[in-house]
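Please keep the sequence and the three-dimensional view at hand while reading.

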Amino acid sequence: MRRRQFLVLSAASIGGVVVYSLDRRTSRIFAQEKSTQTLKIPLRFFTEEEALIVAAAAARIFPTDDSGPGAKEAGVVIYIDRQLGGPWGRDRFRYTQGPFDENAPREFGYQGKATPRETYRAGLATLKGFDKLSPEEQDKKLHEIENTHLFALLRQNAIEGMFSDPVHGGNVDMVGWQLVGFPGPRMSNRDDLTKHFGEAFRPKPISLEQAIGRKVRTAEDADQDSKS
Amino acid sequence: MKTLPSTDVLIIGSGWTGLLMAKELSGRTPLSITILERGRPRMAEYITGMDELEFFVRMHMMQDPSTDAIALRYNANERSRPVRQFGAFLPGTGVGGTGEHWGAVYPRLMPDCFEMYSKTVERYGKQKLPEDHSIQDWGITYDELEPYYARSEREVGISGKAGNLNGKKIEGGNVFEGWRSSEYPMPPTMVPYFPTLFGATAKSLGYHPFINATAIPSEEYTSPDGVTRPPCAFCGFCERTPCMIGAKAQPSSVYLPVVQKRKTVSLRTGVTVRRIIHEKGHEKGPNGGRARGVTYFDESGEEIFQPADLVILATYTLGNNHLLFLSGIGTPYDPSSGNGTLGKNLTHQLQFGVNVFMEKPLNRFMGAGGTGIRMADFDADVFDHSNVGFIRGGVIGATMTGVQPVSGFGELPRSLKVPRWGSAWKKASMEWYDRVANIGFGGEHIPYVGNYFDLDPTYKNPAGDPLLRMTINWRENERKLVEFMNSKMVEIGRAMGAKEVNPFPGYGNYDVTRYQSTHLQGGTIMAATPDRGVVNLHQQHWDISNLFVIGASTFPNSGAANPTPTILALTYRTADTLVDKYLKKPGMLA
């Protein structure tokens with residue numbers, strides 16, 4: 001049993017409100033330590049050191065800028081940590097029998113042996129200290145690894161963490177959806193489908209739990225429950 | 001091995017065809033019917049399907065490659081690799097099967113699609129056929145199937161507008177379609193903004209656009225079986241997900257409510273059929289085998305024998321082929337000699353899109369499967385192929401099925417030179433997010449000698465059985481056809497006033513990672529004689545008279561049309577044959 005790891009974040013960076021899990025259920029909590037305004041988030045897969053690297057890399061891939069919030073505010077690192085802790089991280093639904101032909105043409109998709117957990121763990125070991133670099137140095141480093149499988153996962157997971165339903169730990173307060181005007185699981189568009197031609201129609205977003213009025217147990221949470 | 005009490009009818013698979021067969025047989029005969037389904041029971045409620053990550057990205061409804069993968073290679077001279085994660089096609093699992101997460105598009109095949117060989121030769125001569133083709137007529141015609149198409153449209157509940165009622169062409173419908181004996185049971189669905197623009201432009205260019213026929217109810221619908229579904233809400237969570245309000249027609253909302261009330265039917269889930277058990281020489285004649293039942297793994301992993309008098313193999317194309325190969329039923333196809341029939345004529349309906357970048361926002365989050373406009377001016381042999389370097393064609397259209405942001409973020413005009421990450425990428429992706437849409441194409445894939453199924457010699461499933469192997473690649477006919485359609489689609493996009501139109505890059509090698517369509521066909525094809533196909537024209541196995549194989553695996557070639565309506569029409573026809581002929585006098589049907 002590994003020692004429990006936490007990620008400590010500045011509450012100000014995520015608006016003082018975050019949706020995350022202490023007891024493996026999604027909840028909305030306020031900064032725990034008023035004096036320091038920090039949040040202590042339990043990690044499922046990453047060590048704190050790894051989480052800080054991933055948070056920094058995600059923030060360069062999907063940055064916070066004058067166009068709006070990015071990976072930092074959306075809590076992308078929490079999303080990735082949960083995915084890696086869940087069935088996707090251990091390749092529960094991938095064919096993992098050998099032989100492995102790592103040199104297969106691109107059209108055959110990822111043919112490697114490493115699970116996402118293994119790819120992250122090995123890749124992050126080569127990025128020690130990344131979070132302490134300047135943004136310019138970080139970008140330079142990311143350009144260097146741009147063609148690796150780790151980077152492909154980081155980029156894809158950053159997009160997922162920005163835009164997946166908040167129930168999965170990212171897209172905090174639906175900041176990602178607000179960036180692109182996606183309203184989430186809206187129950188009916190029947191009255192609007194043939195209106196608003198040529199105009200942006202942007203209903204206020206709601207999350208899945210708001211839409212159905214109760215907690216939803218995700219695959220990654222169910223996976224944790226089955227282990228404990 | 002534990003042996004269970006025998007059942008009169010055993011159905012393998014509880015998707016569209018398995019549940020339809022159970023409904024028909026239980027409604028018209030007193031026989032005991034057992035359905036075996038490897039996946040889960042129907043989800044308690046479908047509303048949690050409105051989660052892009054779990055359903056669209058992680059593919060909750062799909063076949064699990066860790067237990068049911070396939071292997072793939074381009075030609076007989078090279079090694080295969082496993083498809084480790086599904087991408088080009090997405091077979092389903094669980095009660096309702098692939099039909100639970102389908103796109104609900106509901107077109108009939110063009111009449112000449114059933115006679116592709118003779119019609120092509122008649123019009124252009126034999127020299128027009130590609131050198132290594134294996135096109136053969138189906139042996140049944142559109143006219144024979146028409147009443148069953150009409151029945152399926154009433155029972156499934158289809159919205160649309162006829163373009164050819166008993167030979168009379170009707171403007172606003174698809175004027176190139178085969179004759180129809182009746183109008184669709186519901187009027188067409190509403191049409192969103194982007195498809196509306198597409199339709200108006202196509203019309204101004206002299207084409208014949210029509211509102212797509214779909215299994216999306218435009219109004220409340222009660223089927224002849226008395227099952228009522230609400231009108232579609234266009235929530236935009238449709239493809240890859242089940243319908244959260246039960247509007248989109250799915251096996252679980254169309255046939256399951258009827259089957260569940262029938263006391264003679266039992267549905268077992270979590271059971272994986274391993275072999276069809278059969279013996280040779282039961283009947284007179286060269287073939288004359290008989291199926292005795294199946295063995296399956298139950299949920300605990302124990303292998304069990306389930307005897308049956310009649311076996312109906314009703315899984316997806318991959319499962320139908322795999323089980324016949326593993327069971328040693330039929331003669332595997334040998335592409336070098338042309339002998340054997342099992343595995344031949346593997347086809348995969350062509351699909352690709354052209355990205356159209358518009359000035360104004362499109363509100364792409366609203367929509368439903370197949371909601372939009374299509375045109376068949378370049379379908380089948382509607383246009384003259386004398387001066388083009390390919391045969392056959394397909395349908396061009398614009399639909400709004402509902403776009404979600406994980407999969408929809410980052411489509412950028414090619415002229416924009418920005419990196420794939422960072423601030424410039426983020427800003428450009430936000431700017432274009434709701435201003436890009438797709439003109440799509442669905443086309444015919446003709447069969448070739450070198451595209452087929454067999455068993456893989458290297459890769460195995462957890463039970464130790466070899467994976468099914470696909471040998472498939474694109475050829476000149478597809479590449480030229482796609483290039484031709486691509487240019488037509490770009491022209492339409494430009495005429496729509498697009499800021500930029502990005503053509504499809506074209507067909508290189510078969511790409512396992514690019515979603516094409518879940519429309520794999522062939523391998524257990526139908527034919528009028530046993531030397532040319534695995535099943536006869538009633539989908540009865542040529543070697544084993546009490547084994548029927550139903551689904552798109554019996555199609556000798558792909559149409560441009562999505563296969564489900566034809567799959568169901570053929571299943572209704574086989575159900576009639578079973579009740580009216582076979583069950584009265586079991587044996588090989590004439």
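In what order do the 6 strands of the open sheet in chain B stand?

## The open sheet of chain B

The model discussed here is predicted. In chain B, the open sheet has the strand order β8-β17-β18-β19-β16-β22, and its pairing is antiparallel. Strands β8 (209-211) and β22 (500-502) of chain B stand at the edges; each has a single partner strand, so one side of each is left without a neighbour in the sheet. On average, neighbouring strands of this sheet are turned by 25° against each other, direction ignored.

Strand β21 of chain B, which spans residues 466-471, contains M470(B).

When neighbours within four places in sequence are left aside, the contacts of M470(B) are I70(B), L72(B), L346(B) and F453(B). As for I47(B), 423 residues from M470(B) along the chain, the C-alpha atoms of the two are separated by 36 Å.

## The make-up of chain A

Chain A contains 9 helices and 4 strands. Read from the N terminus on, the elements follow the order β-β-β-β-α-α-α-α-α-α-α-α-α.

Chain A has 228 residues, of which 43% count as buried. Of the contacts in chain A that link residues at least 6 apart in sequence, 67% join residues at least 24 apart.

## Where chains A and B touch

How many residues of chain B are in contact with chain A? There are 51 such residues in chain B, and they are in contact with 58 residues of chain A. On the side of chain B that touches chain A, two or more residues come from each of the elements α2 (52-57), β5 (81-82), α9 (405-408), α10 (423-432) and β20 (452-460) of chain B.

By residue class, this side of chain B comprises 27 nonpolar, 11 polar and 13 charged residues.

How values were computed: Residues numbered from 1 in each chain as written. Chains lettered and ligands numbered in written order. Predicted model: local features only at pLDDT ≥ 70, side-chain atom pairs only at ≥ 80, totals over all residues. Buried ≥ 20, exposed ≤ 12 C-beta atoms within 10 Å, placed from the backbone. Contact = placed C-beta atoms within 7 Å. Pairing = 2+ DSSP bridges. Axes fitted to C-alpha atoms, helices over the stretch in contact; angles between N-to-C directions. Nonpolar A, V, L, I, M, F, W, Y, C, P; charged D, E, K, R; others polar.
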